[in-house]
Amino acid sequence: MNVLIIVAIIFGGVLFALAFFTKRRFGVLGLALTAGATLSGLWANELTPYVQQAGLELVAPPLETVVAAGLILLPATALLFSGPTVHKFPQKVVGAALFALLALAFMLEPLGNALVLEGDGKTAFGYLTDYRGWIITAGILYALFDLLFVKTLKHDKEHH
C-alpha cells in the first residue's frame, strides 16, 4: 500500500476523528502525546519481548513498531475520554488537526522503520521527517499555551 495512503488514514481517518468527536482540548492531548513519546523512547525495546511472550506475533508491521506507536498514543487515548472540552467548531477542527499532526510527527520514526518508502511517498515522508523537530516543538509550545492561557468556559449542569 502506498505510504501516502497509510499516512492519510492514520492522520485523517483515525487521529483527527478521535480528537474531533471527543471534543478534547489540544493542550492536554498534546502534552499526553509528549509523555507517550517519552515513554516509547524509554520502553519500546524493553516491552516488545514481553508483548511477544504474551502471544502477539507480527511480521508486518514489526512488533516493535506497533509497541512504540501504542506507547506514544496510550496516554493521549486515555485522556480522550476525560478532561476539558471545546464546543466551537473552529476550535474542534484546529485542535483535532494539531493533535493528529503532532501524533504523526511523534510516530514518524516507528512508521519509517515499518514502511517501504518509494516514489512520491518517500518524498512526502522525507518532507515530514525534515520538519519533524519544528512540528513537535510548535505542537508542545501550543499545547502549553492552550493549557496556560486559553480559558475553558464553565457550563452549568442545567444546560447539558
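Arg 25 is found in the loop between α1 and α2. This is a predicted model: local features need pLDDT of at least 70, side-chain atom pairs count only at pLDDT 80 or more, and totals for chains, interfaces and linings use all residues. Residues are numbered from 1 along each chain as its sequence is written, and side-chain values use heavy atoms, with hydrogens and water left out.

**The chain as a whole**

The chain has 6 helices and 0 strands. From the N terminus, its elements run α-α-α-α-α-α. Helices (H or I, at least four residues) and strands (E, at least two) are DSSP runs, numbered from the N terminus. Of the 160 residues in the chain, 34% are buried. Buried means under 20% relative accessible area, exposed over 50%, and partly exposed in between (1.4 Å probe, protein chains only).

Now take contacts (heavy atoms within 4.5 Å). Among those in the chain with a separation of 6 or more, 86% are between residues 24 or more positions apart.

How confident is the model? The mean pLDDT of the chain is 84, and 89% of its residues reach 70 or more. This score is the predictor's confidence in each residue, from 0 to 100. Confidence is lowest in α1, with a mean of 80. It is highest in α6, at 94.

**A salt bridge at Arg 25**

Back to Arg 25. Its partner is Asp 146, and the two form a salt bridge. Their closest N and O atoms are 3.2 Å apart. The rule asks for a side-chain nitrogen of Lys or Arg within 4 Å of a carboxyl oxygen of Asp or Glu. By this rule the count comes to 1 salt bridge.

What does the pair tie together? Asp 146 lies in helix α6 (residues 132-149) and Arg 25 in the loop between α1 (3-22) and α2 (26-53), so the bridge joins parts that are 121 residues apart in sequence.

Lys 23 is not a glycine, yet its phi is positive, at about 60°. Lys 23 counts as partly exposed, at 34% relative accessibility.

| Residue | Relative accessibility | Class |
|---|---|---|
| Gly 121 | 2% | buried |
| Phe 11 | 28% | partly exposed |
| Lys 23 | 34% | partly exposed |

**The nonpolar cores**

A nonpolar core is a set of buried Ala, Val, Leu, Ile, Met, Phe, Trp, Tyr and Cys residues joined through side-chain atoms within 4.5 Å. The largest one has 29 residues. Those with the most contacts inside it are Leu 15, Leu 33, Phe 99, Phe 106, Met 107 and Leu 111. Which elements give two or more residues to this core? They are α1, α2, α3 (63-79), α4 (89-114) and α6. The largest share, 11 residues, comes from α4.

Look at Leu 15 in detail. Leaving aside neighbours within four places in sequence, Leu 15 is in contact with Ile 10, Leu 73, Phe 99, Ala 100, Ala 103, Leu 104 and Met 107. There is also a second, separate core of 5 residues, which includes Ala 44, Val 67, Ala 68 and Leu 71.

Phe 11 sits in helix α1. Not counting residues up to four places away in sequence, Phe 11 touches Phe 16, Ala 97, Ala 100, Leu 101 and Leu 104. Phe 11 and Ala 97 are 86 residues apart along the chain, and their C-alpha atoms are separated by 8.3 Å.

Gly 121 is in helix α5 (residues 119-130).

**Helix α2**

Where is the kink in α2 centred? It is on Trp 43, and the kink is about 60°. The bend at a residue is the angle between axes fitted to the seven residues ending there and the seven starting there. The buried residues of α2 include Phe 26, Leu 29, Leu 33, Ala 37, Ala 44 and Thr 48. Gly 55 follows α2, and its phi is positive, near 110°.
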